[in-house]
Amino acid sequence: MSTQPEVSVPQTTTSIPAAVERRRMKAAATGGAVKRVVRMPLFAISLGIVLVWVIVIVFADQIAPYGAAAQIAAPLAPPSPEHLFGTDELGRDVFSRVVHGARISLVFAVILVIAAMLIGTLIGLVSGFFGGWIDEALMRLVDLFFAFPVVILAMAVAAALGASVQNAVLAGIVVSWPIYARTVRGLVVGYRDAEFVISSRLAGIGSGRSIAVDLLPSIAGPTLVLATQDIGTAILLLASLSFLGVGAQPPMPEWGAMISAGVTHFNAWWIAVFPGLAIVTVALAFNLLGDGLRDMLDPKMKRSVPRPSQRRKK
């Protein structure tokens with residue numbers, strides 16, 4: 001009796017193709033993100049400016065040729081190859097002070113925005129989700145803060161706490177959290193009666209888990225856009241408080257304090273112009289960056305832009 005020879009069938013594994021597929025999907029996602037950035041030139045430029053300032057913050061000691069408080073030249077010397085931005089009234093290099101000042105102005109502004117966003121988001125979530133008397137009480141508190149001009153209220157808080165950059169940040173947090181609370185509350189009210197939230201509550205999920213799982217991912221995009229745009233506002237607010245004498249104090253190289261010192265030496269224009277240009281570039285970059293993030297995160301705008309294949313069919 002003849003038997004058929006057994007043919008060994010090679011065993012196929014799905015691990016290698018699956019890994020290749022994952023790499024291909026990651027590469028496609030990265031390429032898609034790069035293409036979206038390229039199609040938005042203002043977003044790409046603003047992102048580049050922000051990255052440059054991040055590099056300046058990280059490598060400030062290597063970029064600045066002198067220390068922030070080093071008196072190394074003649075006072076009020078104009079810009080020259082030795083001192084690119086000139087010197088101030090004490091003979092300190094303005095370029096070095098602008099570079100070191102980025103660590104103060106930018107870092108403290110980011111801390112201010114993060115703290116205000118966390119406080120305002122928490123209050124807005126509680127107010128919008130539970131409603132009733134809780135919503136009424138919290139929103140009336142927000143209205144109370146909105147009743148005062150931002151700079152005036154920040155000046156009063158900073159003056160009461162004492163003139164320092166830390167107290168200026170606290171004053172900025174006090175006047176900045178209400179906008180996040182009002183924005184988040186409006187978003188939560190819009191999502192509170194959505195089907196996915198109601199179904200989660202009917203399934204027995206508690207309020208805290210429903211807020212964390214259902215609502216936070218839904219409001220994360222608009223809140224992130226608002227925080228990105230608010231960094232420029234925070235830098236201007238801290239600079240205003242330092243300019244008015246209730247923020248950073250000399251010899252700290254904060255941009256607003258440098259502009260305040262330049263006002264008393266009007267003929268030496270470089271003392272105030274270069275810190276002012278630094279504030280303008282950072283504030284404008286973060287505003288444009290926030291606009292770009294809003295366009296990228298808005299699904300309506302993604303649907304409104306036809307794909308290349310759709311344009312070819314037309």
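The questions and answers below go through how a predicted model of this protein is described.

Reader: What should I know about the model before we start?
Author: It is predicted: local features need pLDDT of at least 70, side-chain atom pairs count only at pLDDT 80 or more, and totals for chains, interfaces and linings use all residues. Residues are numbered from 1 along each chain as its sequence is written, and side-chain values use heavy atoms, with hydrogens and water left out.

Reader: How many helices and strands does the protein have?
Author: The count is 13 helices and 0 strands. Helices are DSSP runs of H or I with at least four residues, strands are runs of E with at least two, and both are numbered from the N terminus.

Reader: Why is Thr121 called buried?
Author: Buried means under 20% relative accessible area, exposed means over 50%, and partly exposed lies in between (1.4 Å probe, protein chains only). Thr121 has 12% relative accessibility, so Thr121 counts as buried. Thr121 sits in helix α4, residues 94–130.

Reader: What is Thr121 in contact with, leaving aside its neighbours within four places in sequence?
Author: Contact means heavy atoms within 4.5 Å. On that basis Thr121 touches Tyr180, Val184, Leu216, Ile219 and Thr223.

Reader: Why is Phe43 called buried?
Author: Its relative accessible area is 7%, so Phe43 is buried. Phe43 belongs to helix α2. Phe43 and Phe286 are 243 residues apart along the chain, yet 9.5 Å separates their C-alpha atoms.

Reader: What makes a set of residues a nonpolar core?
Author: The members are buried Ala, Val, Leu, Ile, Met, Phe, Trp, Tyr and Cys residues, joined through side-chain atoms within 4.5 Å. The largest such core here has 60 residues. Trp53, Leu106 and Trp255 have the most contacts inside it. Helix α4 gives the most to this core, with 12 residues.

Reader: Which residues is Trp53 in contact with, leaving aside its neighbours within four places in sequence?
Author: Trp53 meets Ala102, Leu106, Trp255, Ala278, Thr281 and Val282.

Reader: What share of the residues in the protein is buried?
Author: Buried residues make up 38% of the 314 residues.
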